[in-house]
Amino acid sequence: MSQVTSGYYAPASLRDAISLKKRLRERALIVAGGTAAVQLISKMIAEPEVIISLEKVPLDYVKVQGNVVEIGATTPISRLLEKKDLPNALREAAENIHGLALKDMATVGGNIFTPAPAGDIATALLSLDATLVLRGTRGMRAVPFSKFYRGPLEYNIKADEVLTAIKIRRAPGLSSFLKQTPLRYSGPTIASASVGLDLDKDKKARRVMVAIGGLTTHPYRVKRVERFLTGKRLTSELIEEAAKQLVDDNVDVIEDALASSWYRRVIAQVLFKKILNNFIR
Amino acid sequence: MRIKFKLDGEVVEVDAKHTDTLLKILKDKLGVGAVHFGCGEGTCGACIVLVNGRPRYSCLTLAGYVDGKEVTTVAGLAHDGELSEIQKAFLENDAAQCGYCTPGMILIAKALLDRNPSPSDEEIFDALAGNLCRCTGYVPIINAIKSLSKKR
């Protein structure tokens, strides 16, 4: 195939996008909504030879079939909100992406790759036990979202793969996302929490998924707390106990001009407790 | 690369680098005054334009994205020297003091009212969350939008 020259490419099909990515690898920057990717360029963090814009690739959709929700990777937040039957945590995270322009531009897939303070949607998706669908030249791969982040800006994705969809199977019966921002209607996420929960008929926790956002580069699941709560009847005392072990001492929590790491830890606990106490109320 | 798009109803053609933002092209190449540079990171909303009717931060939009599309700035809302309903409402409600945030505010108001002709206060606050005003104050701006809200 002919040499790809430096420039802006907007392939019309996924196949073309993937084959471009395979040939160019790190020389290319994939742009979906642009809210994060374009800043990499304008702040001179990245100097891509080639832009691969996904604007024409038909990945802007939300499908709900039975107990499976499938979201195309380039679905903007505003399109997501047009769907009425989304899992609650995802709806709450999407509604609280502030401002009409950001809701129209930012995409679900883009949010997964963008470091804190972004990642509200990713935090909600983690608590819904979502699966990521990656497509490359050698076919399709499904990766549990909880196994996607390998470190700061390091993802379980190959150089020739593109994230195409996010799937939620059997969304938990209860789910909720809460975040703290400096202002009520705007500003970056200081800390967030999202919990997915299934109760059995004795009101004991059968399946618990706890995700924390804003504290580290990417959100993460807190398996220790999930194990602690599983099989137990949720009471305010138990929730208090779980909150104490929510943020491990070993977690290197972000400290910046907006909030200290101490404050972020405390807020994450407060949000986590609020969510669970709302569930049992 | 050469890009061609409609700017406020007129076809324009311009040379752009693949890494140029729409804001850079509008201001530096086309001399558009109705778009402002504020923060450059999608926080302040001074650079908002409508692309095919939907609001976008032009500082976070690559120039290549608008090839073949329609870009509307606040100047494009007026026709034959006559201000649009929204622009008049901003004037009547004293919703512009220094005017720096005004283009973005008016275009977000338009985008909101186009899809939701009778927004609640909450919906107006949320729509404006990505637009900063540092001198007029938000109350006159919100009043201007409310004056256009069609109550049924």
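1. Where in chain A does A:Pro117 lie? A:Pro117 sits in the loop between helix H6 (108-113) and helix H7 (120-127) of chain A; helices (H or I, at least four residues) and strands (E, at least two) are DSSP runs, numbered from the N terminus. Take a look at the peptide bond from A:Ala116 to A:Pro117, which is cis, with omega near 10°.

2. A word on the ground rules. This is a predicted model, in which local features need pLDDT of at least 70 and side-chain atom pairs count only at pLDDT 80 or more, while totals for chains, interfaces and linings use all residues. Residues are numbered from 1 along each chain as its sequence is written, chains are lettered from A and ligands numbered from 1 in the order in which they are written, and side-chain values use heavy atoms, with hydrogens and water left out.

3. Two non-glycine residues of chain A have positive phi: A:Asp129, near 55°, and A:Leu153, near 60°. A:Asp129 belongs to the loop between H7 and strand E6 (131-136) and is partly exposed, at 31% relative accessible area. A:Leu153 belongs to the loop between strand E8 (149-151) and strand E9 (154-155) and is exposed, at 52%. Here buried means under 20% relative accessible area, exposed over 50%, and partly exposed in between (1.4 Å probe, protein chains only).

4. How many disulfides are there over all chains? The count is 0, a disulfide being a pair of cysteine sulfur atoms within 2.5 Å. The sulfur of B:Cys59 has its closest cysteine sulfur in B:Cys47, at 3.8 Å, so it is too far for a bond. For B:Cys101 the closest is in B:Cys133, at 4.1 Å, again too far. Both B:Cys59, at 4%, and B:Cys101, at 10%, are buried.

5. On to the interface. Contact (heavy atoms within 4.5 Å) takes in 31 residues from chain A and 28 residues from chain B. The buried area, meaning the accessible area (1.4 Å probe) that two parts lose on being put together, summed over both, is about 2,300 Å², with carbon and sulfur atoms giving 61%. A:Tyr8, A:Leu100 and A:Tyr185 supply 28% of the area that chain A buries against chain B, more than any other three residues.

6. There are 6 salt bridges across the interface of chain A and chain B, a salt bridge being a side-chain nitrogen of Lys or Arg within 4 Å of a carboxyl oxygen of Asp or Glu. One of them joins B:Arg54 to A:Asp104 (3.1 Å, N to O).
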